[in-house]
2 protein chains.
Amino acid sequence: MPRASSATLKRRHQRVREAAARRQIDALVVTTRSNILYLTNFTGSAAIVVVTPDRIHFVTDFRYVTAIEDLQNTPHACPELDLTVVDGAYDPTLVRLVASLGVSRLGFEAANMTVSRHAWIAAAFGGEGAASPALVPTEQLVERIRVTKDADEIETLRTAASLLSEVARGVFEEIVHGRTERDVALAIDSRIRRAGFERPAFDTIVASGPRAALPHAMPGERRLSEHDLVVLDFGGVYDSYCVDLTRTVSVGRADERAREVHAAVLEAHDRAIRTVEPGMSRFAVDAAARDWLTARGMGEAFGHGTGHGLGIDVHEDPRITRPTPDSPGSDGDRDLAAGMVFTIEPGAYFPGWGGVRIEDDVLVTDHGVDVLTNVTTHLLEL
Amino acid sequence: MPRASSATLKRRHQRVREAAARRQIDALVVTTRSNILYLTNFTGSAAIVVVTPDRIHFVTDFRYVTAIEDLQNTPHACPELDLTVVDGAYDPTLVRLVASLGVSRLGFEAANMTVSRHAWIAAAFGGEGAASPALVPTEQLVERIRVTKDADEIETLRTAASLLSEVARGVFEEIVHGRTERDVALAIDSRIRRAGFERPAFDTIVASGPRAALPHAMPGERRLSEHDLVVLDFGGVYDSYCVDLTRTVSVGRADERAREVHAAVLEAHDRAIRTVEPGMSRFAVDAAARDWLTARGMGEAFGHGTGHGLGIDVHEDPRITRPTPDSPGSDGDRDLAAGMVFTIEPGAYFPGWGGVRIEDDVLVTDHGVDVLTNVTTHLLEL
């Protein structure tokens with residue numbers, strides 16, 4: 001269950017209403033599941049929310065009515081909620097609801113709504129007789145608010161990161177010569193659940209020896225063997241929030257090359273973290289890690305971004321990456337700000353040899369950075 | 001890993017090309033992950049496929065290049081595959097690829113592509129200089145082919161259903177007076193993985209006592225107690241294919257009401273299964289279960305459909321439901337056909353009291369039906 005209090009939800013609604021008002025939107029249809037959870041504490045799989053200046057219209061089907069009624073009797077109740085139970089299917093119910101509200105400009109989430117669904121809804125308003133609202137595409141209206149975490153979220157993420165660090169310390173005991181990657185991954189997943197997480201935040205990665213060169217390898221039947229480097233990347237969902245951690249360990253003694261790559265990646269990781277503070281460009285954080293690796297001839301070997309935001313989604317803004325043609329240089333409202341939580345996870349991968357990745361979760365504070373995960377970054381020889 | 005042979009993939013491509021040709025589409029952009037897997041055996045999380053009359057253009061990023069190259073050296077290689085590695089981001093790479101192919105009508109999957117993405121791609125073609133292709137929305141072009149399973153898929157689903165039945169027999173041992181729902185759910189997930197499934201197919205449901213009235217309850221801290229009915233609904237993903245099974249058991253002796261509801265749901269389940277044969281309307285299968293429950297005063301208590309298709313997705317066509325305003329009566333090409341695989345899972349739920357659901361997975365054969373799952377349907381008192 002999510003932890004946001006009714007007062008926190010109300011503040012979130014206020015920010016969404018302000019953003020909608022700036023675009024002259026009378027009502028915003030929220031279909032993205034993580035945005036619905038953020039605005040209502042609802043954790044079910046199916047619902048639509050319509051945010052108007054004074055109500056939160058909540059559309060769901062019979063399966064979730066009891067869950068919503070129960071939620072509304074707690075300190076986590078969603079303020080100003082009006083429940084509409086789906087009659088038949090979701091989108092016809094939505095169209096009837098919106099028609100009854102007399103909306104003239106209806107915002108929708110263009111990055112979530114499919115072309116089919118949009119076409120159906122537009123046609124259905126035509127059929128409702130009354131004047132159809134203009135359908136106004138919005139981009140990241142709720143997501144831009146989610147990118148800086150409020151106190152309730154920071155508390156949840158801090159607890160989650162601490163639990164995941166505890167899991168990591170136990171995970172090191174699972175690294176045993178001769179075990180398969182798949183076995184180790186199952187043991188990690190079991191530890192994640194027993195620690196109190198709802199579930200792993202993504203498919204756990206255990207990539208050993210040359211397979212560690214594949215940044216997203218699925219754990220397989222390969223057995224851990226002497227001198228392997230093993231990338232262990234796992235995460236958990238706690239009270240609906242995701243945390244994510246990676247360590248690379250050695251099975252038995254690490255050779256020179258392994259030590260050298262691990263040390264380079266670790267220094268890149270530390271440099272990126274030291275760069276983090278409010279007002280800093282996210283690109284500068286990426287550059288702090290990348291420039292260090294590039295200077296050591298490992299720039300090509302670092303083929304992904306330095307990090308990604310954490311929250312209800314395991315990958316959200318801010319993206320700690322190189323500038324892209326769409327967002328060259330600093331990009332203003334996306335610079336780092338207090339309350340942002342993201343990963344720092346540089347890596348270096350060499351086909352045929354293997355790879356190293358080291359990942360922690362950080363919070364931007366008013367004056368700098370707070371590292372939420374807390375596990376040794378030394379190269380462990382297990 | 002999926003099991004489709006190269007010859008099977010080739011037959012699938014042929015059917016997609018025929019469907020595209022009927023719509024005068026020169027190239028079809030496939031963005032739906034399960035459709036990509038169906039056409040290529042690729043199980044990664046990011047790729048775009050462009051199907052043309054003679055090639056399968058496969059766009060992915062550096063993370064998956066090795067995986068694709070490895071796949072191409074097996075009997076499961078995707079025929080006629082041309083690999084394009086993403087340079088920068090996916091959609092710009094796609095636009096450049098399509099521009100180089102000289103396409104005039106470009107199909108896309110309207111139920112998967114978002115409004116934002118569609119707008120970006122349409123604008124980008126404008127910027128490419130050459131004549132822009134017409135973007136043609138398609139609906140369920142690949143999904144309609146997927147709805148009847150080929151021999152490779154039936155073999156996989158048969159094995160998966162047999163494994164899941166074995167899991168179910170073990171699950172009954174986990175039903176112990178005093179255990180929490182959450183504990184039982186963790187034990188079920190662990191059994192699913194140990195049986196050889198890649199992962200649970202969805203969040204496992206363990207709903208006991210009055211909580212069994214919530215068809216999608218999350219397992220909670222409630223402890224199993226004497227006379228509880230417990231709904232156990234779980235599934236697994238095996239070689240990328242999903243199977244799904246539900247049993248409702250009693251903790252200790254079941255009372256009269258529990259027996260009565262269980263018997264009614266079981267008879268509804270059996271009647272629905274007996275109705276299944278090629279050419280039958282899917283609505284008739286739903287009615288076979290629903291009419292029986294309605295005649296016993298439990299029609300209102302059965303608030304969901306009788307079943308859903310199984311395959312790469314855990315919910316796919318055919319939907320075994322009541323007719324909707326969109327599809328009254330029989331709907332021709334959606335009638336049952338040999339090779340379809342779906343669940344039969346009637347239920348009855350009474351707020352404050354609890355509920356019963358019984359679910360098996362069935363295959364439509366040339367002459368009737370084959371029940372793939374195989375676990376007792378008696379009301380077990382554990």
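This report covers a helix pair, a pocket and an aromatic pair in a predicted model.

## Two helices in chain B

Helix α7 of chain B spans residues 151–171, and helix α8 of chain B spans residues 181–194. Their axes come within 10 Å and cross at roughly 145 degrees. The crossing of α7(B) and α8(B) is right-handed.

On the α7(B) side, the residues that meet the other helix are B:V167, B:G170 and B:V171. Their partners in α8(B) are B:I188, B:R191 and B:I192. By class, this contact has four nonpolar residues, one polar residue and one charged residue.

## The second largest pocket

The second largest pocket has a volume of about 430 Å³. Its lining consists of 19 residues. Those that lie nearest the centre of the pocket are A:A213, A:Y349, A:P351, B:F62 and B:T66.

Helix α3 of chain B, residues 65–71, gives the most to this lining, with three residues. Sorted by class, the lining of the second largest pocket has ten nonpolar, four polar and five charged residues.

## Aromatic pairs

Over all chains, the count of aromatic pairs comes to eight. One of them is formed by B:F42 and B:F58. A pair of aromatic rings is described by the distance of the centres and the angle of the planes. For B:F42 and B:F58, the distance is 5.0 Å centre to centre and the angle between the planes is 75 degrees. The planes of an edge-to-face pair are over 60 degrees apart, so this pair counts as edge-to-face.

B:F42 lies in the loop between α2 (33–40) and β2 (48–51) of chain B. B:F58 belongs to strand β3 (residues 56–60) of chain B.

How values were computed
Residues are numbered from 1 along each chain as its sequence is written. Chains are lettered from A and ligands numbered from 1 in the order in which they are written. This is a predicted model: local features need pLDDT of at least 70, side-chain atom pairs count only at pLDDT 80 or more; totals for chains, interfaces and linings use all residues. Side-chain values use heavy atoms; hydrogens and water are left out. Axes are lines fitted to C-alpha atoms, for helices over the stretch in contact, and angles run from 0 to 180 degrees between N-to-C directions. Helices (H or I, at least four residues) and strands (E, at least two) are DSSP runs, numbered from the N terminus. A crossing is left-handed if the near helix is turned anticlockwise from the far one by less than a right angle, and right-handed if clockwise. Contact means heavy atoms within 4.5 Å. Ala, Val, Leu, Ile, Met, Phe, Trp, Tyr, Cys and Pro count as nonpolar, Asp, Glu, Lys and Arg as charged, and the others, Gly among them, as polar. On a 1 Å grid over the protein atoms alone, a cavity is a set of points where a 1.4 Å probe fits but cannot get out, and a pocket is an open set with protein on both sides within 12 Å along at least five of seven lines; lining residues have an atom within 4 Å of a point. Grid points are joined across faces, edges and corners, and a volume is the space filled by probe spheres set on the points. Rings of Phe, Tyr and Trp (its six-membered ring) pair if their centres lie within 6.5 Å; planes under 30 degrees apart count as stacked, over 60 as edge-to-face and the rest as tilted.
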